Amino acid sequence: HYLKEACKQAGIEYYQPLLYSRTRWSGSYFEVERFNYLAPAFRKLMSGTLSGMLTLPEGFFPLCKELETVLAVFSVPIQDLQTASKPTVSYTIIILNVLCDILKDQKILSSFGIIQKFCSALIKSLRKRFAILLRKKM
């Protein structure tokens, strides 16, 4: 009820916030993307006539925007791997190397320490999970 009213006041279409789903690889990305879309409504819930309905720490909105940027890196290559009828090892290695390079760049560009740690953890996880394919340190 309150979020619908806040969306109306913010001039955006109401969409229900997404909840965590283990069945989708991209669940976190879509959750953060939806949060960022609804950010103007959430801001309305923090101020104005709907003040006090929601409390978030300062800097939360820019952090979520940057997190969406990092997670978006995975959307196209993973979609390609999922839809490929028979992805080859060489194709998978190229995608993994590109992902790690992009994550390294995101880590360097990030102004948030937590995003930098997140990128490092993702790179480490990719290296560990695909060590057999990569056969070298990235």
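Me: Is Phe 61 buried or exposed?
Reply: Phe 61 counts as buried because its relative accessibility is 9%; buried means under 20% relative accessible area, exposed over 50%, and partly exposed in between, with a 1.4 Å probe and protein chains only. This is a predicted model, where local features need pLDDT of at least 70, side-chain atom pairs count only at pLDDT 80 or more, and totals for chains, interfaces and linings use all residues. Residues are numbered from 1 along each chain as its sequence is written, and side-chain values use heavy atoms, leaving out hydrogens and water.

Me: What sits over the ring of Phe 61?
Reply: That's the charged end of Arg 43, 4.1 Å from the ring's centre. The rule asks for NZ of Lys or CZ of Arg within 6 Å of the ring centre and within 35 degrees of the ring normal.

Me: New topic: how many aromatic pairs are there?
Reply: A search of the whole structure finds four. Rings of Phe, Tyr and Trp (its six-membered ring) pair if their centres lie within 6.5 Å; planes under 30 degrees apart count as stacked, over 60 as edge-to-face and the rest as tilted. One of them is Phe 35 with Phe 60, edge-to-face at 5.4 Å centre to centre and 90° between the planes.

Me: And which residues form the aromatic cluster?
Reply: Phe 35, Phe 42, Phe 60 and Phe 61 form one cluster. Within it, Phe 35 is buried at 16% relative accessibility, while Phe 60 is partly exposed at 27%.
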